[in-house]
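Dear colleague,

Here is the structure I promised to pass on. My notes on it follow below the entry.

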Amino acid sequence: MAAALALAERGVGCTLNSPSVGCIIVKDHIVLGRGWTGQGGRPHAEAMALSQAGSSATGATIYVTLEPCAHVSERGPACTQLLIEARPARVVGAIVDPDPRTSTKGFNQLKEAGITVETGVMASVARRQLAGFFSRLERQRPFVTLKLATSLDGKIALANGESRWITGGSARAHAHVERARSDAILVGAATVRIDVPALDVRLPGLENRSPRKVMLGSGTAPDGWDVLRSVDEISSLDCNMLLVEGGAKTASAFLRAGLVDRLLLYRAPILIGAGTACLGDIGLEDLKDAHGRWHNSLARRLGNDHVEVYDRAL
């Protein structure tokens with residue numbers, strides 16, 4: 001299952017509103033097929049793996065990170081039916097699909113066909129990996145990561161507005177990987193006007209994984225950009241993973257609205273003093289309410305800088 005989850009990582013940020021799934025087919029300790037969700041959501045991981053395994057899938061064990069889809073789509077057959085036709089001995093799944101068209105139906109149909117089904121294997125890991133898909137299905141909005149790159153004293157720019165570059169090359173490369181794993185990236189209208197950001201992925205081999213660009217606020221966006229007039233319109237993006245990059249007003253608006261699920265904080269070992277703070281008013285009126293909201297899940301060094309990840313407490 002860990003290997004299947006690693007395969008699923010290949011599709012994160014590239015599957016539009018479909019989940020990124022991984023699948024591995026094994027028989028007699030030999031891997032017969034590997035699959036992951038393709039660009040734009042097709043082919044599904046199971047279909048890719050089964051096409052490699054062919055008739056050898058009969059009697060095999062199939063590991064899949066999400067319950068196989070049980071509904072027929074114009075874009076392809078139901079993976080549950082493909083699995084039934086392949087006649088494996090066992091299907092091991094990580095987690096139930098939250099989509100009501102499939103939820104529990106896929107696993108139940110496999111059992112009814114005489115296939116042994118085991119579920120819940122590495123479920124918590126799969127749930128984290130599929131956080132965007134679950135958020136869109138359960139909360140009707142994407143999973144939101146807020147990225148902040150600051151000095152030690154919490155500044156994102158000098159008093160004169162200069163902000164390039166606060167962090168070094170390793171931190172910026174890490175941030176580009178985060179972009180590649182996102183379906184859309186959002187900045188405020190002021191950032192668009194002042195910085196004219198490209199918001200693309202500039203890492204060798206990942207250039208084609210640049211996310212959709214979204215501007216928050218009033219005014220005319222550049223060609224090809226989506227526009228949100230307020231954070232209340234976030235559900236209209238219809239995507240799984242949204243990365244919010246700035247500026248301070250935009251970051252504060254998302255925090256104030258309670259829409260941030262994950263904080264991605266890069267800190268450079270510099271002091272700026274007078275300058276632009278990374279945040280404004282986030283609606284906090286009592287200091288005690290600031291505690292217990294975030295849990296640290298990652299802390300590591302990137303060159304001279306540090307990155308920390310904080311997940312919102314449930």
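**What the model contains**

The chain has nine helices and 15 strands. Please keep in mind that this is a predicted model. For 314 residues, a compact globule would have a radius of gyration near 20 Å, and the 22 Å of this chain agrees with that. The C-alpha trace spans about 70 × 40 × 40 Å along its principal axes. Of the 314 residues, 48% are buried. Among contacts with a separation of 6 or more, 71% are between residues 24 or more positions apart.

At the β14 end, β14 pairs with β15 (305–312) in the antiparallel sense over eight bridges. Within this pairing, Trp294 has Arg312 in β15 as its bridge partner.

In α6, the buried residues are Ala131, Gly132, Phe133, Phe134, Ser135 and Arg136. What do the buried residues of α6 pack against? Their partners are α5 (123–129), β6 and β11. Just after the helix, Gln140 takes a positive phi of about 55 degrees.

**The five-stranded sheet**

A further open sheet has five strands in the order β2-β1-β3-β4-β5, again with mixed pairing. Here β2 and β5 (116–118) stand at the edges, and each has a single partner strand, so one side of each is left without a neighbour in the sheet. The twist averages 15 degrees from one strand to the next. Strands β1 (22–27) and β3 (61–64) run antiparallel and are joined by four bridges. Cys23 stands opposite Val64 of β3.

**The annotated positions**

The UniProt record, an unreviewed entry, lists His44, Cys69 and Cys79 under "binding site". These positions are spread over 36 residues of sequence but cluster in space, with a largest C-alpha distance of 9.1 Å.

His44 sits in the loop between β2 (30–36) and α2 (45–53). Is His44 buried or exposed? Its relative accessible area is 16%, so His44 counts as buried, the cut-off being under 20%. Leaving aside neighbours within four places in sequence, His44 is in contact with Trp36, Cys69 and Cys79.

Cys79 belongs to helix α3 (79–86). With a relative accessible area of 2%, Cys79 is buried. Not counting residues up to four places away in sequence, Cys79 touches His44, Glu46, Pro68 and Cys69.

Gln129 lies in helix α5. At 15% relative accessibility, Gln129 counts as buried. Its side chain is joined to that of Glu9 by a polar contact of 3.0 Å. Apart from neighbours within four places in sequence, Gln129 is in contact with Leu5, Ala8, Glu9 and Ser20.

Leu206 is found in the loop between α8 (189–195) and β9 (212–216). At 25% relative accessibility, Leu206 counts as partly exposed. Which residues does Leu206 contact, leaving aside its neighbours within four places in sequence? They are Ala180 and Val201. The C-alpha atoms of Leu206 and Arg179 are separated by 9.9 Å, the two residues being 27 residues apart along the chain.

Regards

Notes
Residues numbered from 1 in each chain as written. Predicted model: local features only at pLDDT ≥ 70, side-chain atom pairs only at ≥ 80, totals over all residues. Heavy atoms only, no water. Pairing = 2+ DSSP bridges. Helix = DSSP H or I, 4+ residues; strand = E, 2+ residues; numbered from the N terminus. Buried < 20%, exposed > 50% of the residue type's maximum accessible area, 1.4 Å probe, protein only. Contact = heavy atoms within 4.5 Å. UniProt positions renumbered as here; feature names shortened; annotations may be inferred. Polar contact = N/O pair within 3.5 Å; in protein donor to acceptor, adjacent residues only side chain to side chain. Axes fitted to C-alpha atoms, helices over the stretch in contact; angles between N-to-C directions. Rg over C-alpha atoms; globule rule 2.2 N^0.38 Å.
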